[in-house]
Amino acid sequence: MSPWLTVVGIGEDGFKGLGKNARRALLGASRIVGGQRQLDLLPVCIRGERQLWPSPFSLAPVLEQCGEAVCVLASGDPMFFGVGASLARQVPSEEMLILPAPSSCSLAAARLGWPLQEVVTLSLVARPLAALNAQLFSGVRLLLLSNDGQSPAAVAQLLGERGFGSSRMSVLEHLGGDAERRIDSTANAWNAASVADLNVIAIECLADAQAPRLSRLAGLPDSAFQHDGQLTKRDVRAITLARLAPTPGELLWDVGAGSGSIGIEWMRAHPSCRALAIEADEGRQQLIEHNRDALGVPGLQLIRGKAPQALAGLERPDAIFIGGGVTREGVFETCWEQLKPGGRLVANAVTLQSEMALMNWRERFGGELTRIHVAQAQPLGEFDTWRQALPITLLDLVKPLDA
C-alpha cells in the first residue's frame, strides 16, 4: 500500500526551506493538518483544506481521513518529541512518509558547537519541570525544549534551588528563522525580561560546592528522601534493587511503598523504567509525591490504597517489591498471580512473623533467602563501636516462564 499520509517537518524558514518532496506532498494534499503557527508558514499556492489540531489534542482528524492524500505539518523533526512518533503508533509504516527538517536541538547544537551525541535532551512541553532534577550532574550538557517563554526563568530558579546556580545557560529563540536570537547567562544571574515562546534552553551544568552528589546507581543517601522512618535504608536498598534488576521499559510494583525510595531509584535507573507506588497512609503518600519530584521522576504513579485490594486492575508488572504488608492475607498471592512470567519478586522482612511468612513462601515457590546485617561505627564515650541495625531477611524469586 502506498503512503496516504505524509508528515512534513517545517522550520522557522517556512516553505522556502522545504525540500522538493515535501513541497510536492503539500501541493498535492487534499487536507493539511497542523498547528496555527505551522499552517501560517504555508503560501497561498497550497490549495489543500487546512485544519487545526483539536483541543484537547487528538489524532482523530488525521486517522479519519485514511486513504486520502493527507499532510501533517510538524515543527522540525516530527520523530523528535513530535507528532510523528504519536502517528507511528497508529499508522503502519508503509502507509506513512515522514520528511523531517532539522530539529531545534540539532540547530542549537550547531550554534553552540556541541556534539549532539554527547548532549542530554529533554522536553518540557506539557511535562513536569521536576523531571529535570534527574539530569543534574556537574559537567553534563543539556538541551531542553521549552514549554513557553516562562520556561527559562523557571529552569534558572530550579537550578539555583538544586545547587546548580553557577551553571551556564543559553536560550536560543526562533532557531533557523529571521528572528533568531541567543541570550547567555548563568542560572543565578538570569534576568531576561522577555523570551519568545519558541525557544530551546542549553545548559552546561556546574554544581555549587553545597550541591548533593546523587548518583544514578542504587543506594542514594537516606538524607535524599523525606521520610517518617518508614524507609528502606541505603545499604539494604542497594541490595534490594540489585535483586530487582531494573532494565529499560520495565514496570515495577512497589507494594507498601513507604517513602517511595525503591520505586524512585528503580525509575532513576533508566528514563523508560516505570513504577507504581502502592501506599495506604496519607502522610506517606505526601512524602512519595515530594520525593518523586525532588529526585526527578515525577512520572512515578501513586496508587492510594491498601494491598491486596488496591492491586486490582493495575497493569501487570515485570517486577514487584513488597516492603510492607508481607503478613497481610492475600498480598503475596495476588502479587505472584499478577507478576508476568519471568518476572522478579523481592520481599523484605524485619519481624519474626514476616520472616516466617517469607520462609513459608520459599517452601511453596522456591527462591533465595538472604539475611542482611549492617553495622555502622558510632561513638561510645571516647571511642567508637559498631551499632547493629535490625537484620533484614530478603526473599528473591523469579516466576517460571510457564507459570
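In this predicted model, Ala126 counts as exposed, because its relative accessibility is 73% and exposed means over 50%. Ala126 sits in the loop between β6 (120–123) and β7 (141–145), and its phi is positive, at about 55°, although the residue is not a glycine. A second residue with a positive phi is His174, which is not glycine either and has a value near 45°. His174 belongs to the loop between β8 (168–173) and β9 (181–186), where this histidine is partly exposed, with a relative accessible area of 23%.

The bond from Ser55 to Pro56 is cis, and Pro56 is found in the loop between β3 (49–52) and α3 (60–63). Another cis peptide bond joins Ala307 and Pro308, with Pro308 placed in the loop between β13 (301–304) and β14 (319–322). The table sets out the two bonds.

| Cis peptide bond | Omega |
|---|---|
| Ser55 to Pro56 | near 5° |
| Ala307 to Pro308 | about 10° |

Where β1 (residues 5–10) runs beside β5, the two strands pair in the parallel sense over 4 bridges, and Leu5 stands opposite Met96 in β5.

Which residues lie nearest the centre of the second largest pocket? They are Leu231, Thr232, Lys233, Val350 and Ile392, which belong to a lining of 39 residues. The elements that give two or more residues to this lining are the helices α7 (234–244), α8 (261–268) and α11 (352–365), together with the strands β15 (344–349) and β17 (375–380). The volume of the second largest pocket is about 780 Å³. When the lining residues are sorted by class, 15 are nonpolar, 18 are polar and 6 are charged.

Notes
Residues are numbered from 1 along each chain as its sequence is written. This is a predicted model: local features need pLDDT of at least 70, side-chain atom pairs count only at pLDDT 80 or more; totals for chains, interfaces and linings use all residues. Side-chain values use heavy atoms; hydrogens and water are left out. On a 1 Å grid over the protein atoms alone, a cavity is a set of points where a 1.4 Å probe fits but cannot get out, and a pocket is an open set with protein on both sides within 12 Å along at least five of seven lines; lining residues have an atom within 4 Å of a point. Grid points are joined across faces, edges and corners, and a volume is the space filled by probe spheres set on the points. Ala, Val, Leu, Ile, Met, Phe, Trp, Tyr, Cys and Pro count as nonpolar, Asp, Glu, Lys and Arg as charged, and the others, Gly among them, as polar. Buried means under 20% relative accessible area, exposed over 50%, partly exposed in between (1.4 Å probe, protein chains only). Two strands pair if DSSP finds at least two bridges between them.
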